[in-house]
Amino acid sequence: MQNLLQFIFRYSSFFTFIILEAICIYFLVTYNSSQREIYLHSSNLAVGRVYESVSEVKSYANLNEINDSLARENARLRAKLLSITGDSIVIALDTPDYKVIPCEIINNNILSRNNMMTLDKGKNDGLHNSMGLIDDKGIVGITRSTGSRYTTAYSILNTELRISAKIKRSRHFGTLVWTAEDIRYMTLRSIPKHADVKLGDTVATTAFSTIFPPDIPIGLVDNIEQPPGRNDFSIRVKLFNDLSKISVVYAVEDVTKRLKVNLEKQNDE
Amino acid sequence: MSSLTVRNIIRTILFILVQVLVFKQVALGGADFNYFHIIIYPLAILLLPIDTPKPLVLLIAFAVGLLVDVFYDSIGLHAAALVFMAYLRPVVLRALQPDTGYKKNAFPVASVFGLLWYLQYSGFLLFVFLLVYFSFEAFTPVYIGSILLKTFLSFLVSFALVILHQIIVNPKR
């Protein structure tokens with residue numbers, strides 16, 4: 001014991017130095033946005049590799065289930081393709097408006113208020129910031145920062161996200177947020193009081209945001225509330241997707257997005 | 001509190017004020033060539049008495065750095081660099097130690113040890129400070145070129161002012 005104390009006392013300046021420097025770096029990455037971005041980015045790269053190998057093992061166990069869901073999706077797409085053959089508009093638009101990149105989620109957090117996920121693709125595979133992430137059941141998230149080989153994305157279970165969504169039947173639109181209460185539900189706000197909303201209505205994405213394609217299903221209306229003193233509904237939406245067991249997603253990007261954004265910018269000037 | 005302590009505290013506050021009120025506002029290279037940063041407040045650590053306890057020097061450096069950070073809106077950045085410099089100070093002092101050793105209560109100033117000694121002492125530590133500062137600012141080795149360029153250019157102007165301070169004020173202690 002005495003030796004230990006002597007040791008600490010002897011190197012007291014070294015220990016003070018290490019502790020103070022650690023505090024400084026903690027402050028630096030917590031309170032400064034550019035350093036935090038870089039810290040997250042590089043830790044992504046290192047941590048991403050670890051997660052990838054873990055998820056490789058995990059995905060073996062889920063292989064059957066994934067196979068099934070992909071086969072189902074394939075079948076549905078095939079059916080859709082058949083139904084639109086002969087539709088002149090679709091054929092006239094020879095270049096598709098959406099770029100779709102399949103990704104695997106190698107880390108997915110659902111326990112905190114602002115959940116993030118990590119994808120196994122990055123800039124090299126054509127991913128960008130603010131691309132929408134969807135799968136066969138609905139929306140999953142939005143990419144946040146892209147590294148060369150990995151990408152971090154906001155999960156839709158993130159209290160900072162605001163997603164434009166509508167009641168599919170009546171076409172009234174509002175803002176979809178997550179209130180950090182239950183990972184199965186999100187809340188749709190700003191739907192005006194006169195809107196005709198029923199339990200069981202489908203909620204889908206709108207065409208207003210350039211992140212998600214329009215009419216991607218999100219969930220079903222589960223509960224309608226009228227907060228006192230407000231002029232809008234607060235609607236609980238039961239998600240189609242179970243975010244706790246998701247592994248394959250598609251990153252989608254509206255390739256005409258830039259045209260749209262530029263035009264809106266011009267109008268603002 | 002001895003008059004020496006009071007003196008050091010007032011001097012430290014003055015350095016911080018001059019740094020954040022005057023030199024922070026100066027952009028020598030203009031807005032497009034922001035490579036000249038004038039940084040003189042490390043003098044507050046450089047001029048501490050030589051036999052100040054080492055952990056105390058580190059704590060003072062941490063406090064001074066954080067204070068400057070508050071004004072620069074970069075919590076942790078100045079503090080990290082200044083603590084690093086403060087940790088190296090005893091090493092440099094030992095390397096530059098005269099044959100007779102340091103007297104008790106000696107001050108690391110030019111009027112006691114000569115201008116050449118002071119140039120080596122303050123030059124090395126100031127350079128280390130700036131190098132660490134700009135490295136932590138960029139926070140990635142990707143911009144090593146611009147880190148080094150900033151360090152050299154800022155060192156030129158800052159070091160000139162540090163020497164000027166020594167010549168004009170010529171502190172005895």
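Two strands count as paired if DSSP finds at least two bridges between them. Strands (E, at least two residues) and helices (H or I, at least four) are DSSP runs, numbered from the N terminus. By that rule, strand 6 of chain A is joined to strand 9 (residues 202-205) of chain A by three bridges, and the two run antiparallel.

The model is predicted, so local features need pLDDT of at least 70 and side-chain atom pairs count only at pLDDT 80 or more, while totals for chains, interfaces and linings use all residues. Residues are numbered from 1 along each chain as its sequence is written, chains are lettered from A and ligands numbered from 1 in the order in which they are written, and side-chain values use heavy atoms, with hydrogens and water left out.

Strand 6 covers residues 163-167 of chain A and pairs with strand 7 (residues 173-177) of chain A in the antiparallel sense, over four bridges. Within this pairing, A:Ala165 has A:Gly174 in strand 7 as its bridge partner. Towards strand 9 of chain A, A:Lys166 has A:Ala204 as its bridge partner. Strand 9 of chain A also pairs with strand 10 of chain A, antiparallel and over three bridges. Here A:Thr202 stands opposite A:Leu220 in strand 10 of chain A.

Which strands pair with strand 11 of chain A? One is strand 8 (residues 185-192) of chain A, which pairs with strand 11 in the antiparallel sense over six bridges. In strand 11 of chain A, A:Phe233 stands opposite A:Ile191. Another is strand 10 (residues 217-225) of chain A, joined to strand 11 by six bridges and running antiparallel to it. A:Val221 has A:Val237 in strand 11 of chain A as its bridge partner. Strands 10 and 11 of chain A form a hairpin with six residues between the strands, and A:Gly229 in this hairpin takes a positive phi near 80 degrees.

Is strand 11 of chain A enclosed or open? Six of the eight residues of strand 11 (residues 232-239) are buried, so the strand is largely enclosed by the rest of the structure. Buried means under 20% relative accessible area, exposed means over 50%, and partly exposed lies in between (1.4 Å probe, protein chains only).

On a 1 Å grid over the protein atoms alone, a cavity is a set of points where a 1.4 Å probe fits but cannot get out; a pocket is an open set with protein on both sides within 12 Å along at least five of seven lines, and lining residues have an atom within 4 Å of a point. Grid points are joined across faces, edges and corners, and a volume is the space filled by probe spheres set on the points.

The whole structure has one cavity of 30 Å³ or more. The largest cavity holds about 40 Å³ of space. Its lining consists of A:His41, A:Asn44, A:Leu45, A:Ser145, A:Thr146, A:Gly147 and A:Tyr150. Helix 3 (33-84) and strand 4 (139-146) of chain A each give two or more residues to this lining, and helix 3 of chain A gives the most, with three.

The second largest pocket has a volume of about 710 Å³. Of the 30 residues that line this pocket, A:Asn62, A:Lys245, A:Ile246, A:Ser247 and A:Val248 lie nearest its centre. Helix 3 of chain A supplies the largest share of the lining, 12 residues.

Of the 173 residues in chain B, 49% are buried. One residue to look at is B:Val68, in helix 3 (residues 54-72) of chain B. B:Val68 has a relative accessible area of 0% and is therefore buried. The C-alpha atoms of B:Val68 and B:Ala79 are 8.0 Å apart, with the two residues 11 apart along the chain.
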